[in-house]
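Welcome! Here is a short tour for anyone meeting this structure for the first time. Please have a look at the sequence and the model before reading on.

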Amino acid sequence: MILRLRSGSPADTLEIARALGAALRPGDVVALTGDLGAGKTLFCKGVGEALGIPPDRIVSPTFTIVTEHAGPVPLTHIDVYRLSGAREADEIGMRELLPGDGVCLVEWAEKITELLPTDCIQVTFTISGDDRREIAVDAPDLPGFDEFRARSQRFQSGG
């Protein structure tokens with residue numbers, strides 16, 4: 001089931017991310033896709049906050065590719081923007097990071113689709129205006145999906 005959400009501001013995007021973060025469990029992999037500036041890193045800050053990681057510690061890891069955050073639930077934040085594709089990601093050991101002991105967030109996940117677990121949570125961002133975003137969440141096996149849907153009710157069509 002795909003849940004389609006509307007964000008009218010960065011604050012909305014953070015709230016949606018916190019709601020998803022509260023539903024995530026160790027071993028979950030979240031694949032984030034969308035254009036540059038669509039809100040992927042901001043979303044990661046919200047997920048991290050829900051996992052007990054201060055949002056100011058989560059920055060775009062574009063130059064380091066992988067950042068690991070210790071917390072009540074460990075968070076691995078991966079940004080594959082600068083990689084050429086799945087082959088290069090596999091050569092640097094990306095497969096071993098997916099999934100790990102905590103939650104793993106992958107920005108620009110479309111570049112390494114073949115390395116991602118088949119049951120990963122897909123989050124797709126579409127820019128629909130200055131600060132407006134459409135955020136589609138496809139979470140096929142997320143145990144807390146009903147909780148996430150309830151927490152994000154006001155961002156759903158008719159919500």
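## Before we start

Two residues are said to be in contact, or to touch, when they have heavy atoms within 4.5 Å. This is a predicted model, in which local features need pLDDT of at least 70 and side-chain atom pairs count only at pLDDT 80 or more, while totals for chains, interfaces and linings use all residues. Residues are numbered from 1 along each chain as its sequence is written, and side-chain values use heavy atoms, with hydrogens and water left out.

## A leucine in a loop

Let us begin with leucine 51, which sits in the loop between α2 (40-50) and β3 (66-69). Helices (H or I, at least four residues) and strands (E, at least two) are DSSP runs, numbered from the N terminus. Is leucine 51 buried or exposed? Its relative accessibility is 6%, so leucine 51 counts as buried; buried means under 20% relative accessible area, exposed over 50%, and partly exposed in between (1.4 Å probe, protein chains only).

Which residues does leucine 51 touch, not counting those up to four places away in sequence? They are Gly21, Pro72, Val73, Leu75 and Val103. Alanine 22 is 29 residues from leucine 51 in sequence, and their C-alpha atoms are 6.9 Å apart in space.

## Nonpolar cores

In soluble globular proteins, nonpolar side chains tend to be buried together. A nonpolar core here is a set of buried Ala, Val, Leu, Ile, Met, Phe, Trp, Tyr and Cys residues joined through side-chain atoms within 4.5 Å. The largest one has 31 residues, and Phe43, Val123 and Phe148 have the most contacts inside it. Two or more residues of this core come from each of β1, α1, β2 (29-34), α2, β5 (103-107), β6, β7 and α5, with α1 giving the most, 5 residues.

Valine 123 makes contact with Leu20, Val30, Ala31, Leu32, Thr33, Phe43, Ile135, Ala136 and Val137, leaving aside its neighbours within four places in sequence. There is also a second, separate core of 18 residues, including Ile65, Val80, Ala89 and Trp108.

## Strands side by side

Two strands pair if DSSP finds at least two bridges between them. Strand β7 (residues 133-138) runs antiparallel to strand β1 (residues 2-7), and 6 bridges join them. Strand β6 (residues 121-127) also pairs with β7 in the antiparallel sense, over 6 bridges, and a hairpin of 5 residues joins β6 to β7.

## Salt bridges

A salt bridge is a side-chain nitrogen of Lys or Arg within 4 Å of a carboxyl oxygen of Asp or Glu. How many does a search of the whole structure find? The search finds 7. One of them joins glutamate 15 and arginine 154 (3.1 Å, N to O). This pair links distant parts of the chain, 139 residues apart: glutamate 15 lies in helix α1 (residues 10-23) and arginine 154 in the segment after α5 (145-151). Glutamate 15 is partly exposed at 31% relative accessibility, and arginine 154 is partly exposed at 49%.

Aspartate 146 and arginine 149 form another salt bridge, with their closest N and O atoms 2.3 Å apart. These two are 3 residues apart in helix α5, so about one helical turn separates them. Aspartate 146 counts as exposed at 52%, whereas arginine 149 is partly exposed at 24%. Elsewhere, shared partners join the salt bridges of Asp12, Glu15 and Arg154 into one network.
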